[in-house]
Amino acid sequence: MTLTGGLGRAGNGGAVNVSTGASLQARSGNLNLQTGSAPGDETSGSGSVRLVSGHGGAGSSGAINISTGQTARGASGSIAIGTGMSYSSQAGRVSIVAGASSGKQTDGGAVVIRSGASTHTSPGRGGFIQIQ
């Protein structure tokens with residue numbers, strides 16, 4: 001299945017929005033993006049999932065934002081980035097790489113890792129950063 005926004009010859013191209021149903025009393029619907037399994041022989045493998053913004057030409061390319069929603073009472077959702085386990089070969093790696101810049105007197109992209117703050121007036125601690 002292919003979902004494609006329309007071409008914009010002089011203006012913006014068409015948007016593609018996928019959203020789940022809301023709920024007034026319980027949880028909203030889940031959104032799952034997943035490739036199919038390929039449990040065949042040693043040469044088979046599942047497809048990749050890519051989130052890529054388009055090239056910007058003379059302007060900026062689009063941003064990719066991954067975040068969980070806010071909550072009034074419960075804990076906000078977590079974000080986990082990881083690779084799957086390999087039973088007979090090397091496991092995948094996780095790379096976080098900022099972009100390079102080739103422009104005159106311009107900086108390369110930054111990698112910022114910041115834990116959350118505790119903003120309540122009662123004693124609380126900010127989140128920690130743990131590297132193992």
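Is Ile-79 buried, partly exposed or exposed? Select Ile-79: its relative accessibility is 47%, so it counts as partly exposed (buried means under 20% relative accessible area, exposed over 50%, and partly exposed in between, with a 1.4 Å probe and protein chains only).

Before you go on, note that this is a predicted model, where local features need pLDDT of at least 70, side-chain atom pairs count only at pLDDT 80 or more, and totals for chains, interfaces and linings use all residues. Residues are numbered from 1 along each chain as its sequence is written, and side-chain values use heavy atoms, leaving out hydrogens and water.

From C-alpha to C-alpha, Ile-79 and Ile-66 are 8.3 Å apart, and 13 residues separate them in sequence.

Next, select Ile-79, Ala-80, Ile-81, Val-94, Ile-96, Val-111, Val-112 and Ile-113, which line the second largest pocket. A pocket here is an open set of points on a 1 Å grid over the protein atoms alone, where a 1.4 Å probe fits, with protein on both sides within 12 Å along at least five of seven lines; lining residues have an atom within 4 Å of a point. This pocket holds about 310 Å³ of space, a volume filled by probe spheres set on the points, which are joined across faces, edges and corners.

Now find Ile-113 within that lining. Its relative accessibility is 62%, so Ile-113 counts as exposed.

For the last stop, pick Gln-105. This residue is not a glycine, yet its phi is positive, about 55°. Most residues other than glycine have a negative phi. Gln-105 is exposed, with a relative accessible area of 78%.
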